[in-house]
Amino acid sequence: MNKKTLVIGASTKPNRYSNMAMQKLTNYNHDTVAFGMRPGEEYGVTIDTELKPYKVLDTVTLYLNPTRQKEYYNYIVSLKPKRVIFNPGTENPEFYAILEENNIEVEVACTLVMLSTNQY
């Protein structure tokens with residue numbers, strides 16, 4: 001099943017986990033969009049540097065530390081994704097509560113592992 005996914009904290013650097021996630025998401029045929037601090041393109045995915053009103057998102061997968069997430073709380077909630085994945089290092093109980101109040105599922109997991117083990 002194709003689950004449109006927004007990668008927040010996307011990077012063109014191949015050693016970054018966000019980059020590996022974009023590659024794996026596209027390999028598994030998930031529609032993938034990305035937001036990062038620097039523009040670029042990887043695996044056919046354009047990394048946007050401006051926040052866009054993406055439509056019909058299943059998942060947002062985070063690669064930002066909790067302090068940097070704060071400025072994106074309202075934006076992510078406004079997208080109304082089904083779930084937000086907090087990858088290792090992004091755990092944020094404050095944001096979990098906001099998401100749950102808005103009926104958005106919270107998963108504290110690794111996108112790469114979830115894809116590799118068919119749990120995505």
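This is a predicted model: local features need pLDDT of at least 70, side-chain atom pairs count only at pLDDT 80 or more; totals for chains, interfaces and linings use all residues.

User: OK, what is the strand order in the open sheet?

Analyst: The seven strands run S3-S4-S2-S1-S5-S6-S7, with mixed pairing. Strands are DSSP runs of E, at least two residues, and helices are runs of H or I, at least four residues, both numbered from the N terminus. Two strands pair if DSSP finds at least two bridges between them.

User: Which strands are at the edges?

Analyst: Strand S3 (40–42) and strand S7 (105–108), and each pairs on one side only.

User: Do S1 and S5 run parallel or antiparallel?

Analyst: Strand S1 (residues 5–8) and strand S5 (residues 59–62) pair in the parallel sense, over four bridges. Thr5 has Thr59 in S5 as its bridge partner.

User: Is Thr59 buried or exposed?

Analyst: Thr59 is buried, with a relative accessible area of 0%. Buried means under 20% relative accessible area, exposed over 50%, and partly exposed in between (1.4 Å probe, protein chains only).

User: What does Thr59 touch, leaving aside neighbours within four places in sequence?

Analyst: Its contacts (heavy atoms within 4.5 Å) are Lys4, Thr5, Leu6, Arg83, Ile85 and Tyr120.

User: Changing topic: how many residues are in the largest nonpolar core?

Analyst: That core has 22 residues, and Leu6, Ile8, Ile76 and Leu99 have the most contacts inside it. Helix H3 gives the largest share, five residues. A nonpolar core is a set of buried Ala, Val, Leu, Ile, Met, Phe, Trp, Tyr and Cys residues joined through side-chain atoms within 4.5 Å.

User: And what is in the second core?

Analyst: The second, separate core has 14 residues, including Val7, Ala21, Ile85 and Leu115.

User: Now H1. Which of its residues are buried?

Analyst: In helix H1 (residues 17–27) they are Ser18, Asn19, Ala21, Met22 and Leu25. Seen down the axis of H1, they fall within an arc of 160° (taken from the directions from the helix axis to the C-beta atoms), so they line one face of the helix.

User: What do those residues pack against?

Analyst: The buried residues of H1 pack against S1, S2, S3, strand S4 (45–48) and helix H5 (111–116).

User: And which exposed residues sit on the face turned away?

Analyst: Tyr17 and Asn27.

How values were computed. Residues are numbered from 1 along each chain as its sequence is written. Side-chain values use heavy atoms; hydrogens and water are left out.
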